[in-house]
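Visitor: I would like to learn how to read a protein model, feature by feature. Could you take me through one slowly?

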Amino acid sequence: MGINKAAAAADLLKKRIQSGVYDTVSFPGAPALAQELDISYVTMRKAMRILLDENIVCQLDNGRLSPVKPRTPAMKVAFITQPLLPDENKWVNAVRTSAEKFGCVFHNVIAVDSSSKNVFDILNADYDVIFMLFNKWHPLVVEKMFKIKERVVTVHKNFSAHGIRFFEGYAPEVLDTLYAYLDSRGYKKIDFFSSYKNDSSSWRYVQYLKAAKKYKFTGSVYFDVPEQIHKSRFMISYDYCKELVSAGKFKDTQAVFVSTPNEAQAVLRVFADAGIRVPEDISIVSIGEPEIAMYNTPTITEIGTPDLQEKSDEIFRHYLGITPQPEKLAFNHPVDSLTQSDVLFIGETTK
């Protein structure tokens, strides 16, 4: 019971400290507080120990306790995103963790799209670093970013040619590992599927075209689906794939590269409904979201996600001046030293 009373007393004092009650008056001693809160002196000492352990108060040279003054944050950091797929939350969480580690203020700002008013509000505010993740970039936002490029880090979209830092998982060339595997297994007709409208500028598609040329495989491209911001990515993918199957697509396809495992789940559902067997009739491959790929039924062959925390911390160290600024602007994991087993999860969706 004493422990519960001590925790309750500590919680009350913590709230008082956070609300500024003791900003202008001395923090009372244990005897006075015990009397005020109608608890025993021993219980009050336990409450004090809790506050000390949580660094809410500190012990001065004279032995008295005093509230710990909050540190001035090292930086003020924002991460602007649209509502995210599960995999993309990893980037937000990595940056949030880095902010906490380096004593920075962190705000996650949700915007309907890149042209939303709150996006411009953040870009005009006094943030030291602004991370941005969008599927589609409004020209006015891009123009504004270029004016404050030293403070901007884009996620997934590479503007490094314009002097803006870029945060990604693996370098795009990692997809060659997946296509090399398919080539070694005899796949020659591989389609590209994405539910993102006009995905022709994405690095996934660029790497698909490079692989087609390198390994001499053929295939069709499907990504010109109308944008539907109020619909889940799974349902957009499901409806689009169902439309394609009804139109007789994928007839001679050996494998389909699907932009994300979340979309791959939708494609698998459509194929199952249409009696198309995976992998007997057609194989499915993707990239990212290992939590989906490895625990889906069937498991999805894919390129996984690397340690994002390492690169996020690296970005913070450079902004804080802890380590010198790098010559490169792209913060991702190079693939030169990686093997197939390092990056490729072979699931049940390939033969």
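Predicted model: local features only at pLDDT ≥ 70, side-chain atom pairs only at ≥ 80, totals over all residues.

Visitor: In what order do the strands of the open sheet with parallel pairing lie?

Guide: Strands (E, at least two residues) and helices (H or I, at least four) are DSSP runs numbered from the N terminus, and two strands pair if DSSP finds at least two bridges between them. Here six strands form an open sheet in the order 4-3-5-6-7-13, with parallel pairing. Strand 4 and strand 13 (330-333) are its edges, each pairing on one side only.

Visitor: How many bridges join strand 3 to strand 4, and how many join strand 3 to strand 5?

Guide: Strand 3 and strand 4 (residues 105-110) are parallel and share six bridges, with Ala 78 opposite His 107 of strand 4. Five bridges link strand 3 to strand 5 (residues 129-133), again in parallel, and Val 77 has Val 129 of strand 5 as its bridge partner.

Visitor: Why is strand 3 said to be largely enclosed?

Guide: A residue is buried under 20% relative accessible area, exposed over 50% and partly exposed in between, using a 1.4 Å probe and protein chains only. Five of the six residues of strand 3 (residues 76-81) are buried, so the rest of the structure largely encloses this strand.

Visitor: Which helix lies across strand 13, and at what angle does it run to that strand?

Guide: Axes are lines fitted to C-alpha atoms, for helices over the stretch in contact, and angles run from 0 to 180 degrees between N-to-C directions; contact means heavy atoms within 4.5 Å. Helix 12 (residues 308-319) lies across strand 3, strand 5, strand 6, strand 7 and strand 13, running at about 155° to strand 13. Helix 4 (residues 89-101) also lies across strands, among them strand 4, to which it runs at about 160°.

Visitor: What is the strand order in the sheet whose pairing is mixed?

Guide: That open sheet has six strands in the order 9-8-10-11-12-14, and its edge strands are strand 9 (221-222) and strand 14 (344-345). Strand 12 (residues 301-303) pairs with strand 14 in the antiparallel sense over two bridges, and Glu 302 has Phe 345 in strand 14 as its bridge partner.

Visitor: How much space lies in the largest cavity, and which residues are closest to its centre?

Guide: Rolling a probe the size of a water molecule over the atoms shows where empty space is left. About 130 Å³ of space lies in the largest cavity, and of its 14 lining residues the closest to the centre are Trp 91, Glu 168, Trp 203, Ile 287 and Gly 304. Strand 7 supplies the largest share of the lining, three residues.

Visitor: Lastly, is Cys 58 buried or partly exposed?

Guide: Cys 58 counts as partly exposed because its relative accessibility is 29%. This residue lies in strand 1 (residues 57-59), and, not counting residues up to four places away in sequence, Cys 58 touches Leu 52, Arg 64, Leu 65, Ser 66 and Val 68.

How values were computed:
Residues numbered from 1 in each chain as written. Heavy atoms only, no water. 1 Å grid on protein atoms, 1.4 Å probe; cavity = no way out; pocket = protein on both sides within 12 Å on 5 of 7 lines; lining within 4 Å. Points joined across faces, edges and corners; volume = space filled by probe spheres on them.
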